[in-house]
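The following note sets out, point by point, what may be read from the model shown below. Please consult it alongside the sequence and the coordinates.

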Amino acid sequence: MAPFIPQGLVNPELNLFFALIIGFGFGYILEQAGFSSSKKLAGVFYGYDFVVLRVFFTAGITAMTGLVFMSYLGWVDMDLIYINPTYLWSAIVGGVIMGFGFILGGFCPGTSVVAAVIGKIDAMVFILGAFLGIFIFGHFYSDFEPIYKGSYLGQPFIYDSLGMSKKWFAFFLAFMALMAFIFTKIIEDKTNKVDYKKFDDRPNYTMPSFLLMVLMTIYLFLPAERASSLHERSPETVLEMYNSQEYHVDAVEVAYRIIREEAECVFIDVRDAESANRFMMPGAINIPLKNLLDNQYRSILRDKNQKKLFYSDGESNAANAWMIAARAGYSNIHILKGGLNGFFDAVFNIEESIPEDQNGDFMALYRHRFLNEVKNFFLEGKAVRELRPQQKPVKTIIEISIPEGSGGC
Amino acid sequence: MAIKNLNNSAFLFFLVIILALVFHWFTTKSYKTNKKDVLNEITNESSIMPFAELNDIINSERIKDFIFVDIRTEEEFEEGHIEGSVNVPFNDILSKKSKKVFKKDKTKVIIANKESDAHVARTTLVGNGFENILVLSGNYSMVIKHVIEKFNPAYGYYSEDKAKFDYPRYIRIGSSVSSSDAASTTKETKITVSGGC
């Protein structure tokens, strides 16, 4: 559920539920494709049956086509999709072990479960072996760790390593898949010694292959990706919001919230970390403007029920942060009017006595009295660092989306 | 039978993508630059023009490469403006007239009553694909006072978005969490007054 949960469309607590449904679907398809038969699976190695290769290539190509187009249309944010990091050594060693296990046992991890479910005893033994392996790995983890975490490469993409563009790579991959389908069929026929010309009723895949290549060609020649995605607010809307002044919060209101230690509002300090370390408003968190769109802050900004107040020294950077957040579609976002300078001006540059000429103006009187109260409150050092006594732990996207153990097929 | 189903579903898949693309092309295009690039552009230090630089420019040949765009209201512009500046009121920042101005090949410098308005205008314009736009730090009255009338080097790097106060001197934050907190450690260290402008 990668794009849905981090984007806030689906509650993270439902994650496992969806995983269960997808798991059922995956298992069903594996079974239907005949992957519960180790004879079929091992066929790839002996050249008499390439159905495994075809099914996985088909699944890969279908997913790729869907993803590239959905990403192009702005329906899926590719940044949110978790990609397994590459550890070169564990990939090599794991690949070798997996290959041997595959050929000896006749299953790969996923298919062994499918086969065990339909009652195959060898698959159950295979799973037992897998658990044994897991146990050994877990027990001697400290010994394995250097290999396991050796040669970390981050998340490289094949097309980057090849110096190709993403579009051309997608095109070639689709083409390669189709070629692979044809060649594997020829190899199969040779191994099985059948003359394919005798089979007139053999299914004809020209039409889907043709459509796939048309799609990939269209993708190749699509203009550059649209800059905005569906959930973004238009520039007109953003400017209208900004001009309405409804999203500007006055110093008095901020002071009120601070001295009452109200929990409704989270201050977001958009200055750089250095300035923020020196001073932050009580209960503020620091999100430097540069990092506003980083994934780790997404959950804070996305919370619709939490009032968020951007501030900087003046108003400029807070306004910029607000503009970006408003465009990104976040709501309940506000700007501290005048920034910290404005706030300090209002609170600390007031006269001790009530100005004479404001007789009868009760609002001004109350405002003045209140600000004096605030001033003393601050000068006495009563402001506390943490406004919210029980702050909810912020769930970061990383916590949500890292699946444990990838498990090939 | 199976192949017919496959053909049908492949065709359906194809059709859905094509329809989505067609729909995509006909919907209004709102932005031309994605938000990450906008953020990079506006946080770029060199996208802000301090008074010192402005002073250098107006006293040199380089002024030909710049357009000063005044985004105050028409009335304010009429009352007085920097010589050679163009008026595009803030509310018309998305209008055709504004597009004409910001499409020009020169470096555009935005001047406003409030620095934040200039930033908001610039962020909007960058999102709409315009390039080479700078924000003049400070505001119109400051420019007039400290650059146009007589250049005051003390204000050479003035910005509304710089701290005017030495905050920790005013608000002492009692730490309810722990002493390892960054804010509480700064309390003990002596801090020299930074002096905003």
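**Notes on a two-chain model**

1. Asp269(A) has Tyr311(A), in strand 6 of chain A, as its bridge partner. The model is a predicted one: local features require pLDDT of at least 70, side-chain atom pairs count only at pLDDT 80 or more, and totals for chains, interfaces and linings use all residues. Residues are numbered from 1 along each chain as its sequence is written, while chains are lettered from A and ligands numbered from 1 in the order in which they are written.

2. The pairing of strand 4 of chain A with strand 6 (residues 307-311) of chain A is parallel and extends over five bridges. Strand 4 of chain A also pairs in the parallel sense with strand 5 (residues 284-286) of chain A, here over three bridges; within that pairing, Phe267(A) lies opposite Ala284(A). Strands are taken to pair if DSSP finds at least two bridges between them. Helices (H or I, at least four residues) and strands (E, at least two) are DSSP runs, numbered from the N terminus.

3. A residue is called buried if 20 or more other C-beta atoms lie within 10 Å of its own, exposed if 12 or fewer, and partly exposed in between, with C-beta atoms placed from the backbone.

4. Chain A contains 18 helices and seven strands, and buried residues make up 26% of its 409 residues. Of the contacts in chain A with a separation of 6 or more, 70% are between residues 24 or more positions apart. A contact requires the C-beta atoms of two residues, placed from the backbone, to lie within 7 Å.

5. Chain B has nine helices and five strands, in the sequence pattern α-α-β-α-β-α-β-α-β-α-β-α-α-α. Of its 197 residues, 34% are buried. Among contacts in chain B between residues at least 6 apart in sequence, residues at least 24 apart account for 61%.

6. The five strands of an open sheet in chain B are arranged in the order 1-5-4-2-3, with parallel pairing. Strand 1 (48-49) and strand 3 (86-87) of chain B are at the edges with a single partner strand each, so one side of each has no neighbour in the sheet. Strand 2 (residues 66-70) of chain B runs parallel to strand 3 of chain B and is joined to it by two bridges. Asp70(B) is placed opposite Asn87(B) of strand 3 of chain B.

7. Which residues touch the most other members of the largest nonpolar core? Of its 80 residues, these are Phe310(A), Trp322(A), Ala325(A), Ile71(B), Ile110(B), Ile111(B) and Leu136(B). Helix 15 (residues 316-327) of chain A supplies the largest share of this core, eight residues. A nonpolar core is a set of buried Ala, Val, Leu, Ile, Met, Phe, Trp, Tyr and Cys residues joined through C-beta atoms within 7 Å.

8. Not counting residues up to four places away in sequence, Trp322(A) touches Tyr247(A), Phe310(A), Ile333(A) and Ile335(A).

9. The axes of helix 16 (residues 339-348) and helix 17 (residues 362-379) of chain A come within 8 Å and cross at roughly 105 degrees. That makes helix 16 of chain A roughly perpendicular to helix 17 of chain A, a description applied to angles of 65 to 115 degrees. Ala346(A), Val347(A) and Phe348(A) of helix 16 of chain A make the contact with Leu371(A), Val374(A), Lys375(A) and Phe378(A) of helix 17 of chain A.

10. Tyr148(A) belongs to helix 7 (residues 141-148) of chain A and is partly exposed, with 14 other C-beta atoms within 10 Å. Beyond its neighbours within four places in sequence, Tyr148(A) is in contact with Tyr87(A) and Ser90(A).

11. Ser151(A) lies in the loop between helix 7 and strand 2 (152-154) of chain A and counts as exposed, with 12 C-beta neighbours inside 10 Å. Ser151(A) and Trp89(A), 62 residues apart in sequence, are 6.3 Å apart in space, C-alpha to C-alpha.

Methods:
Axes fitted to C-alpha atoms, helices over the stretch in contact; angles between N-to-C directions. Parallel < 35°, antiparallel > 145°, perpendicular 65-115°, else oblique.
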